[in-house]
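Welcome! Here is a short briefing to read alongside the structure. Take a look at the chains first, then follow the notes below.

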Amino acid sequence: MKEKITTLKALLAVREAERRYLQLRLEDKFSLEEGEQHKNILVCAGTGCTAGDSAILIKKLNEKLEEAGLAEEVKVVKTGCFGFCQKGPIVAVYPDRVYYTHVKPDDAERIVNDHVIGGHVIKDLQMFDTDRKTGEKVYDIDKIGFYEKQQRIALRNCGRINPENIYEYIGIDGYEALYRVLTEKTPQEVIDIVKASGLRGRGGAGFPTGLKWQFEKDQPGDEKYVICNADEGDPGAFMDRSILEGDPHAILEGMAIMAYAVGAHQGYVYIRAEYPIAVNRLRIAIREAKELGLLGENIFGTGFNFDIEIRLGAGAFVCGEETALIASIMGKRGMPSPKPPFPAVSGVWQKPTSINNVETIANITQIILNGPEWYAAMGMGKSTGTKVFALGGKINNTGLVEIPMGTTLREIIYDIGGGCPEGKKFKAVQTGGPSGGCLTEKELDTPITYENLVAAGSMMGSGGMIVLDEDNCMVDVAKFYMEFICDESCGKCTPCRIGTKRLLEMLTKITEGNGTMEMLDEMEELCNEVRDGALCGLGQTAPNPILSTLRYFRDEYEAHILEKRCPAHVCKKLLTYVINPDKCKCCSLCARNCPADAITGKPGKEVYKIDAEKCIKCGLCITNCKFGAVERH
Amino acid sequence: MEKLNCDALRKIDEIVAKHKDQAGPCIEMLHEVQNELGYVPFEAMEKIAEATGSSPAEVYGVVMFYAQFTTEPKGKHVINVCLGTACYVKGAQKLIDRVEKLTGAAVNKTSADGLFSLDATRCLGACGLAPVCIIDGKYYGNALVDSEFTNEIRRIVREEKKAGAKA
């Protein structure tokens with residue numbers, strides 16, 4: 001049985017003991033006793049790096065250290081996500097501050113022998129960036145473009161501590177904010193702090209968090225609930241997963257503070273079942289916090305009780321909408337209901353309920369510890385603090401980035417993201433997922449705030465940021481999102497159920513070359529009707545991908561309709577594959593690989609030809625041709 | 001319809017009993033049943049309905065609403081291809097077409113021989129490695145049309161053919 005922590009003294013004692021071991025990672029100055037050879041080897045165990053066998057790597061590192069008799073001095077620490085998923089699996093050696101990328105299980109031996117024992121940095125594995133002006137390689141982790149402009153608050157502990165060890169969390173000030181709140185502040189004071197910080201919901205809509213809490217607190221009754229919305233449905237966003245995998249205790253502590261402020265004693269984390277690692281870490285964290293008395297009854301001896309339960313989603317995008325989420329927690333079909341009544345009045349089990357997104361909650365402890373002025377000083381206008389974006393798609397550095405509000409899209413895409421790969425031309429950036437829109441080169445210098453993104457025709461959303469290059473067709477992208485929405489529309493209200501279906505039909509016709517110019521106007525009109533008439537956020541924002549692409553890429557729609565041509569060569573029905581007779585070397589490779597027997601010719605004698613009638617446009621001939629003779633028109 | 005065996009029925013009873021006193025337990029029960037049996041049989045819906053004081057139709061409504069619940073047993077090998085945005089713009093659709101050809105399973109269906117189920121899943125949150133796929137629980141990142149991922153499928157297909165020939 002572990003000893004419960006009931007006083008500040010006990011909390012600080014645990015922290016002190018843990019600091020000695022954490023100092024290698026956290027501080028520039030640390031005090032080693034003479035002859036000590038301590039190191040921490042941090043290995044990312046997020047979803048991405050686990051897919052790259054980082055679990056086996058951890059095992060091998062431990063084996064090698066054991067063999068070398070260094071298991072005591074050198075600790076291998078499994079951490080959350082470093083954010084730079086592109087380069088995973090990532091390993092960081094402290095206190096040397098050397099980061100290794102693409103590390104395979106077999107590299108364990110070199111890391112132990114060469115780096116730990118030999119004291120040499122392994123150059124071919126080391127993370128570097130190329131200085132854009134001088135072309136020189138930069139190895140200093142603080143100067144690497146991907147990290148240099150970031151300011152990590154919500155992600156502060158991801159890639160720094162072991163998420164499955166509560167003591168490490170306590171070692172870096174964990175649970176102090178909860179103690180301070182419970183012993184020094186009234187619930188109203190806590191809400192006033194959150195209000196003063198200017199924190200707004202990070203799930204997308206940007207509703208002021210303090211105000212949300214105030215509504216619930218002002219409701220009569222003793223039975224109230226708080227919910228953490230971890231149903232990260234936006235395809236392409238994964239910051240919530242990363243926070244839960246890398247720093248689950250920050251969410252538990254934040255929820256406890258929220259519960260104290262609004263007067264709740266029970267919390268739920270509603271999380272997608274697609275995130276098995278996050279669910280598991282959350283379960284471990286809840287168990288550990290209960291063991292130490294930091295969740296449960298009479299927390300810190302103050303008489304405050306708070307417990308948290310996990311509820312799994314089951315694959316329904318609409319459950320990210322708060323009223324649908326509440327229905328799902330109660331074990332029903334996740335269908336939204338009209339507001340009012342708002343959840344703050346009648347939520348889960350018809351009691352007052354406050355729902356906050358994972359990233360929002362991840363900021364709470366830091367706002368309490370550092371003060372609301374500190375938080376409000378970051379950002380721009382009414383958008384204070386930082387925001388995490390999941391950078392993906394056609395971009396060199398994919399991963400999670402956290403930047404102060406007010407940073408421009410250009411800085412994220414070029415300075416942090418390193419631009420499009422293979423020298424392709426940037427075309428658009430999609431923010432806000434299926435509820436957001438596409439922005440072009442012209443909007444790249446817009447400072448990111450909730451208001452600016454809406455004005456430009458997109459929205460913040462939960463922070464998905466997908467970069468598209470010249471090879472992506474914007475009509476096809478709009479169609480992709482509309483297919484997604486049609487799939488995920490719950491069917492309760494007509495504008496969303498039927499409206500989105502009609503929109504998809506029109507888009508399909510356009511991508512197949514059967515569109516008309518009138519269709520564009522019809523589509524725009526229907527978009528406005530769906531937006532105004534739908535019951536919940538899903539339907540109301542569903543037309544955004546179409547409206548924004550129509551606004552910025554009308555020429556692409558027109559090319560599909562008037563010229564029956566897909567400028568990006570994506571829409572299959574509008575493509576023809578042709579073999580350039582000047583380049584064809586009659587090798588027959590294309591014909592042998594064609595699954596439809598659409599290519600004819602004579603090996604070594606006669607150039608090959610594609611029969612357009614038979615061609616199924618699979619593209620195998622292009623992949624197989626060694627001479628670049630197959631062309632797509 | 002095939003009758004469930006006693007073991008499966010007992011498992012369902014255990015799961016239902018475990019969650020019976022929890023508030024709003026229907027989805028929790030369905031998750032556990034599916035984890036145990038690989039799908040949600042009709043018998044389970046009846047038992048859950050009885051325990052939660054609702055009708056089988058209501059429970060069936062819940063099963064149908066959520067994409068993850070299935071009322072049909074899955075194939076021997078389950079292949080998931082992520083169709084999140086990041087994966088889509090990096091060619092996940094082409095990949096699905098290829099896997100369909102390799103396995104004979106249509107999207108979200110099981111192949112006629114019962115060997116493969118091909119599921120297009122919602123975003124797995126590993127967008128840094130797009131396109132992402134899973135074969136029997138193992139993740140494959142950067143799974144292009146010709147990659148470790150498709151090679152593994154080819155390997156399984158070959159192995160199953162061999163095993164089939166022997167039998």
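In strand 10 of chain A, I308(A) is the bridge partner of G267(A). Helices (H or I, at least four residues) and strands (E, at least two) are DSSP runs, numbered from the N terminus, and two strands pair if DSSP finds at least two bridges between them. This is a predicted model, in which local features need pLDDT of at least 70, side-chain atom pairs count only at pLDDT 80 or more, and totals for chains, interfaces and linings use all residues. Residues are numbered from 1 along each chain as its sequence is written, while chains are lettered from A and ligands numbered from 1 in the order in which they are written.

**Around strand 10 of chain A**

- Strand 8 (residues 266–271) and strand 10 (residues 304–312) of chain A run parallel and are joined by six bridges.
- Strand 10 of chain A also pairs with strand 9 (residues 296–299) of chain A, in the antiparallel sense and over two bridges.
- In that pairing, F304(A) of strand 10 stands opposite I299(A).
- Strands 9 and 10 of chain A form a hairpin with four residues between them, and F300(A) in the turn has a positive phi of about 55°.

**A five-stranded sheet in chain A**

- An open sheet of five strands has the order 15-14-18-16-17 in chain A, with mixed pairing.
- Its edge strands are strand 15 (399–404) and strand 17 (437–440) of chain A, each of which pairs on one side only.
- On average, neighbouring strands of this sheet are turned by 30° against each other, direction ignored.
- Five bridges connect strand 16 (residues 426–431) and strand 18 (residues 464–469) of chain A in the antiparallel sense; among the partners are A428(A) and L468(A).
- Helix 16 (residues 409–416) of chain A lies across strands 14 (386–393), 15, 16, 17 and 18 of chain A, and runs at about 135° to strand 15. Axes are lines fitted to C-alpha atoms, for helices over the stretch in contact, and angles run from 0 to 180 degrees between N-to-C directions.

**Where chain B touches chain A**

- In chain B, 30 residues are in contact with 39 residues of chain A (C-beta atoms, placed from the backbone, within 7 Å).
- Helix 2 (26–37), helix 4 (56–65) and helix 5 (85–89) of chain B are the elements that give two or more residues to the side touching chain A.
- Helix 5 of chain B gives the most to that side, with four residues.

**Domains of chain A**

- The domain assignment, automatic or from a database, gives chain A domain 1 (37–143), domain 2 (166–376), domain 3 (379–469), domain 4 (474–562) and domain 5 (576–632).
- The C-alpha centres of domains 1 and 5 of chain A lie 46 Å apart.

Terms used: Contact = placed C-beta atoms within 7 Å.
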